Amino acid sequence: MRDAGQGRAEGEDGADGRADGRRTGRPRRGPLLLTAGFILVAAVSTAGALGLGGGGTDDKGSVPGRSSEAVQVTRDTLTDQSEVDGRLGHGPEVPFQIKAEGTVTWLPATGRTVRRGEKVLRVNDRPVVLLYGSLPMYRDLGVTEAEPEGGANGGKDGQDDGAGSGQGSGSDSGATGDGAANADSAGTARAAGTPRQPTPLHGMDVKQFESNLSALGYSGFTVDESYTTLTANAVKRWQKDLGLPQTGKVDVGDIVYAPGAVRIAGTSALVGAEASGNPLTYTTTSRMVTVNVPATDTNWAQRGSEVAVDLPDGRSVEGEIASVGKDASSSGASGGGDAAGGGGADGGGDGAAGKAATVSVVITFDDQNALGNLESGPVTVRHVVKERKGVLTVPVAALVALAEGGYGLERAGGSEDGGGGDSGSSRFVPVKTGLYAGGKVEVSGPRVHEGMKVRIPK
């Protein structure tokens, strides 16, 4: 029989045991289990978001948290484009080389179109006419008129020579016979005063002028390199129509040449000023775009390449690169001269402060009507950087980041697309990505094919 002291001792020991139990951690198992539960839920959620979970699908077979929107893998052409700023206008201004001397008495309005046979300006109230060609007007054109051969003096000289020769013979018969013969052979033609034939002018500039004269409707001569009396006769008819004296000759200042019809770009002289120098500038009549491209980024600018031009009114038209400048230009507040001259550290600093060197690229349009009524303004030029034809593509939004790295696509039809099972991992097809362009991406891989349906994540 236990005494009361022993019972109390055991009771105290029990109390101590319970206290020890509270200290040794059995009641602390609750928080540990909760923490483990949270970790497990987070892991499952992450796996589901990445598409790696095997269960947890709804009745339709879709993974919770995934979009039901499906798209097809298509075969397409992807084009990566870059944009540069340009300006619509009529191209660079070219000065007219006016060689007429005198006072400017009339000037055309800026923007006016001048065509072959029309006047560019008037000097001393005499028109300076535009013709088409590449050779400049560098001399007067006309036929050289020669003086008559011999004439009265020539005949007289022949007779005197004949008489002297006859007297030298010492007999009257000699004077009559030999003298007459010499006079006939040496001076008979000259005594008659027969004119020498005019001398034609020859050269490529003659042919260029005659081509224009013929194009204006004047005929009666052969278009060649010889300026003959027939050419002079046609010129007289042309001069009559222009209201000029009919001389048959063309002065060096009567004509200016240009490649074709021109648009008057500006005037630097006033009526009443001297005509010498460059009182007028012109451009082409066609509209074009000029782009200043960094000299280090001209690989895309190949003559004949097509580009897209976005106009200020929101429309886009197709253009073609017509020319690429060969000279790079640069500008800057500090100037590039010191840097180019190797002026030490200071020179290098000035060069860095300047703008990068650029090259002028000109873009033309086959269809001028496509530009509408726009004459000038800022534009955006889009050119191809890289292009991939006939590749498999999906929207970029369809890509899924895989836990093992890289990207994949989630099949929208489960194993029906060749997944080989219903597990979550089989629903995701790893792919290799290529070119990104226009919101799409090039994809490839052994398990991806054209027409395959894939989901787009939310």
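Entry 1, terms and conventions. In my tallies Ala, Val, Leu, Ile, Met, Phe, Trp, Tyr, Cys and Pro count as nonpolar, Asp, Glu, Lys and Arg as charged, and the others, Gly among them, as polar. The model is predicted, so I note that local features need pLDDT of at least 70 and side-chain atom pairs pLDDT 80 or more, while totals for chains, interfaces and linings use all residues. Residues are numbered from 1 along each chain as its sequence is written, and side-chain values use heavy atoms, with hydrogens and water left out.

Entry 2, cavities. I worked on a 1 Å grid over the protein atoms alone, where a cavity is a set of points that a 1.4 Å probe fits but cannot leave, a pocket is an open set with protein on both sides within 12 Å along at least five of seven lines, and lining residues have an atom within 4 Å of a point. Grid points are joined across faces, edges and corners, and a volume is the space filled by probe spheres set on the points. I found two cavities of 30 Å³ or more. The largest cavity holds about 50 Å³, and its lining divides into six nonpolar, one polar and two charged residues. I listed Pro127, Val129, Trp238, Gln239, Leu242, Leu244, Lys249, Val250 and Asp254 as that lining. Helices (H or I, at least four residues) and strands (E, at least two) are DSSP runs numbered from the N terminus. Helix 6 gives the largest share of this lining, three residues; strand 7 (126-132) and helix 6 (229-242) each supply at least two.

The second largest cavity has a volume of about 30 Å³. Pro136, Met137, Tyr138, Arg139, Asp205 and Tyr257 line it, which I classed as four nonpolar, no polar and two charged.

I recorded about 210 Å³ of space in the largest pocket. Of its 16 lining residues, the closest to the centre are Gln97, Pro136, Met137, Val256 and Tyr257. Strand 10 (residues 255-258) gives the most to this lining, with four residues. The classes are 12 nonpolar, three polar and one charged.

I counted 11 in the whole structure, a salt bridge being a side-chain nitrogen of Lys or Arg within 4 Å of a carboxyl oxygen of Asp or Glu. I then asked how far apart the closest N and O atoms of aspartate 205 and arginine 139 are. They are 2.7 Å apart. The pair links aspartate 205 in helix 5 (residues 204-215) with arginine 139 in the loop between strand 7 and helix 3 (151-168), 66 residues apart. For accessibility, buried means under 20% relative accessible area, exposed over 50%, and partly exposed in between (1.4 Å probe, protein chains only). Aspartate 205 is buried at 5%, whereas arginine 139 is partly exposed at 24%.

Aspartate 76 and lysine 440 form another salt bridge at 3.4 Å. Here strand 2 (residues 74-89) is joined to strand 21 (residues 440-444), the partners being 364 residues apart.

I also noted arginine 126 with aspartate 251, at 3.9 Å from N to O. Arginine 126 lies in strand 7 and aspartate 251 in the loop between helix 6 and strand 10, 125 residues apart. Arginine 126 is partly exposed at 27%, and aspartate 251 is partly exposed at 35%.
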